[in-house]
Amino acid sequence: MKGKIIVISAPSGCGKSTIINEIMKRGNVDLRFSVSATSRQPRQGEIDGVHYHFLTAEQFRDQIAQGMFVEYEEVYPGRFYGTPVAEIEQNINEGHNVVLDIDVKGGVNVASRFGKQATTIFIMPPSVEELRRRLENRGTDSPEMIDQRVGKAEYEISFASGYDHVVVNDDLESAVNETEKIIADFARQ
Ligand code: ADP
Ligand code: 5GP
């Protein structure tokens, strides 16, 4: 049986990576992470090929031209992100479920391309103020970048109603449990 595709989207800083990492660490569901490509700079601790394939703007353009992405978006001005087609196809053909951490527009594109093979989960912050606090506490972005990310959050939240599932990440453990259950139930279908 082919694997399933799970798209997870949320405004940056909502806790997507934390939730995905915890579910993968628990290991209760078969899940591979789809490593996206990006033209942004790595953050401290991010590893090329693990968190992202870090590309120059030129390499990114070449890969677009070669049709290597299922979808790609300029999520922030000058910073491109894309989902490599090979990454998904290989995993689902081998029967593994694949989780994608991608923005709202990319999420809509992947969902329409893969139809019933994919489900979509939106991670909602308890509030926009809390989102800002988390980004500040994470300490990986400049104040300008934090403003940009928070500024985009309301626009992104407006996509939530189009997602199959919405999980509020207030208490982390509850959010992880809920997300894990959605994925496990979908993987069994
Ligand atoms: P994203 O991947 O959506 O950008 P992260 O997973 O990096 O977000 O989370 C942003 C910050 O918020 C991190 O410092 C993380 O530890 C923290 N965080 C995540 N979930 C919660 C939660 N439920 N309560 C408090 N802090 C959280
Ligand atoms: P960050 O810079 O915080 O890692 O990611 C910024 C945003 O880009 C997040 O909303 C993340 O989900 C999104 N993103 C990461 N990879 C992809 C991708 O391959 N395609 C799209 N469309 N968005 C992505």
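**View 1. A four-stranded open sheet, with strands in the order β4-β3-β6-β5.** The pairing in this sheet of the predicted model is mixed. Strands here are DSSP runs of E at least two residues long, helices are runs of H or I with at least four residues, and both are numbered from the N terminus. Two strands pair if DSSP finds at least two bridges between them. Strands of a sheet pair through backbone hydrogen bonds, either parallel or antiparallel. At the edges you'll find β4 (53-54) and β5, each pairing on one side only.

**View 2. β5 and β6 side by side.** These two run antiparallel and are joined over six bridges. Who stands opposite Glu73 in β6? That's Tyr81.

**View 3. A five-stranded open sheet, ordered β2-β7-β1-β8-β9.** Here the pairing is parallel. The edge strands are β2 (32-33) and β9 (165-168), and each pairs on one side only. Zoom in on β2 and you see it pair with β7 (residues 98-101) in the parallel sense, over two bridges. Phe33 has Val99 of β7 as its bridge partner.

**View 4. Ligand 1 and the residues around it.** A residue counts as near a molecule if one of its heavy atoms lies within 4 Å of it. By that rule, 13 residues surround ligand 1, and the closest are Gly13, Ser17, Thr18, Arg138 and Asn169. Sorted by class, the shell holds three nonpolar, six polar and four charged residues. (Ala, Val, Leu, Ile, Met, Phe, Trp, Tyr, Cys and Pro count as nonpolar, Asp, Glu, Lys and Arg as charged, and the others, Gly among them, as polar.)

**View 5. Polar contacts of ligand 1.** A polar contact with a ligand is a pair of N or O atoms within 3.5 Å. A polar side-chain atom of Ser17 sits 2.5 Å from an oxygen atom of ligand 1. For Arg134, a polar side-chain atom lies 3.3 Å from a nitrogen atom of ligand 1. On its own, ligand 1 exposes 570 Å², and the protein buries 76% of that (areas by the Shrake-Rupley method with a 1.4 Å probe). Which elements give two or more residues to the shell around ligand 1? They are α1 (16-26) and α5 (128-138), and α1 gives the most, with three residues.

**View 6. Ligand 2 and its shell.** Of the 19 residues around ligand 2, Ser36, Tyr52, Glu71, Tyr81 and Asp103 come nearest. The class tally is six nonpolar, five polar and eight charged.

**View 7. Polar contacts of ligand 2.** A polar side-chain atom of Tyr52 comes to 2.5 Å from an oxygen atom of ligand 2. Asp101 also has a polar side-chain atom by a ligand oxygen, at 2.7 Å, and a side-chain N or O atom of Thr83 is 3.2 Å from one. Taken alone, ligand 2 exposes 510 Å², of which the protein buries 96%. How many come from β5? Four, the largest share.

**Reading the views.** Residues are numbered from 1 along each chain as its sequence is written, while chains are lettered from A and ligands numbered from 1 in the order in which they are written. In this predicted model, local features need pLDDT of at least 70, side-chain atom pairs count only at pLDDT 80 or more, and totals for chains, interfaces and linings use all residues; side-chain values use heavy atoms, leaving out hydrogens and water.

Conventions. Polar contact = N/O pair within 3.5 Å; in protein donor to acceptor, adjacent residues only side chain to side chain.
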